[in-house]
Every structure is written in structure tokens, then in C-alpha cells.
Amino acid sequence: MTGLVLALLSGAVVGLALGGLGGGGSVLAVPALIYLLGFTPAQATTASLVIVTLTSVTALTGHARDGNVAWRTGLLFAAAGVVPATLAGAAAGRLPQPVLTAAFAVVAGTAALRMLRPARTEPSGHVHPGKAGAAGAGLGAVTGFLGVGGGFLAVPALAGVLGLAMRTAVGTSLLVITINSLAALVARGGAGTHLDWAVTAPFTGAAILGAWDGRRLARKAEGETLRKVFARVLLALAAFMLVDVLV
């Protein structure tokens, strides 16, 4: 019963993050699955991809209705990351789990620090295809390697590097997360990782419901406020995981 309650509460938080911030689902789900629900790192990263893929599709439909998805940019960004995500996902299974956890923490912390920096330019409507492709390929590699949807990197990349407005970056990142997560899941499909569906299923259901509340939150909150909240939560989680690996 305790495990079910923790799964439901954790899932709700993950859904709020994805619906409201366009990312952070995996970076929240992986620690919750490992430290609260007893999953191994390999099980947690695979389960998080299942959870985040299904939740992202749900949140994406709502943001699309609100007109907050840059489809052309998102598809180009995601398409560039499919092959790197698949290759990196296959390679990740050969590395020690502490190495993957430490890499996860470092990348998450770096993304958080970048998001806390003031934006240097105003959002623009023009996106250079080369920039979108390069950023998407890098994100895809990280997604496959670390077993995350990549939204915690997609949002700063779409907003900071490609110049999308924050709300559009949030919605567009959900499209990128869905495609990258599916590619990474395909790469991990033959790894034989056993998932505890008695925990994964309710976790996913709670996340899907939480995503709807997250979307309503995104409508009301200022984009800068969302960015700072997201970055601080991400930085705290990164520090915790890095200390846990090193100590």
C-alpha cells in the first residue's frame, strides 16, 4: 500500500512538471523510482521513458489546442535526435550504473544553471534549421544515453538557443520528448529489463492526470517564473544524486 501511495504521489508531481514546464518528467521520475520505490537505475530509466512518453502525449494535445506548439521546429529538432538517441540508448547498457547516474546529475545541473542565467535576447519567430538540427542531435544522444525524455534540456535549448517564447518552448518540447523517448525505448527494447507494472502503471496514470493540472498552471504563471522554479528543482535534484553517487 505504501508503494502504491508513493507511486501515485510521485506520478502526480511528474505530470505537473511535464504539463506545466514541458520537461523535468524523467529527471524527477528517475530519482523517485530509485530512492522511493526501490527500482534499480536500469529499471528506473526504462520505466521513466514509458511514463514520460505516455504523459507527454497527453500534455501535448492540450498545448497544441492552445496554439503553443511550433510543429516545424519541433519535428526538425526531434528528427535530428532519433538516430543519436537510438545509438546512445544501445551503448548505455554497457556502462556501470554509477557512471550513468553521475552523468545524469552533471547534465541536469548544467541545464539548470543555464536556465538561471538571464536571457540575452528576446524571443524571435525565425529559427535557423542548422541550429535546430544540431541542438536536436545533441539532445537525442543525451536522451538515449541517460534514459530521459530530454525536456529539461529541450526547454532551455528551444527558448535560449532557438529563441522560442517560453510557453511555445514548453509546448514544443513535449513533441520532442515524445519522439525521443520512443526512439530510446526502441533501443532499450532488447535489453530485457523487467518492469514492475504494479508500480509503473499507477505512476503513469497519476502523471497523466497531473499533466492536465500542469497545463492550467502554465496558462496562469509567468514564463520567467516557470523557468526559475524548474531550474531550482532541477539543480537540487542534481546535487542530491551526485552526492549520493560520490559519498
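This report describes the fold, the cavities and a surface patch of a predicted model.

## Basis

Local features need pLDDT of at least 70 and side-chain atom pairs pLDDT 80 or more, while totals for chains, interfaces and linings use all residues. Residues are numbered from 1 along each chain as its sequence is written, and side-chain values use heavy atoms, without hydrogens and water.

## Fold

The protein has 10 helices and 0 strands (DSSP runs numbered from the N terminus: H or I of at least four residues for helices, E of at least two for strands). Of its 247 residues, 52% are buried (under 20% relative accessible area with a 1.4 Å probe, protein chains only; exposed is over 50%, and partly exposed lies in between).

## Cavities

There are 2 cavities of 30 Å³ or more. A cavity is a set of points on a 1 Å grid over the protein atoms alone where a 1.4 Å probe fits but cannot get out, and its lining residues have an atom within 4 Å of a point. Points are joined across faces, edges and corners, and the volume is the space filled by probe spheres set on them.

The largest cavity has a volume of about 90 Å³. Its lining has 12 residues, with Pro41, Thr45, Leu100, Thr101 and Leu146 nearest the centre. Helices α2 (25-36), α3 (41-65), α5 (97-116) and α6 (129-146) each give two or more residues to this lining, and α5 gives the most, with 4.

## Surface patch

Tyr35, Leu36 and Phe240 form a nonpolar surface patch with about 280 Å² of accessible area together (Shrake-Rupley method, 1.4 Å probe, only the protein chains shown as cover). Patch residues have over 30% relative accessible area and no salt bridge, and nonpolar side chains are joined within 5 Å; a salt bridge is a side-chain nitrogen of Lys or Arg within 4 Å of a carboxyl oxygen of Asp or Glu. Leu36 lies in helix α2 and is partly exposed, at 46% relative accessible area.

Methods
1 Å grid on protein atoms, 1.4 Å probe; cavity = no way out; pocket = protein on both sides within 12 Å on 5 of 7 lines; lining within 4 Å. Patch = residues over 30% accessible without salt bridge, like charges linked within 9 Å, V, L, I, M, F, W, Y side chains within 5 Å.
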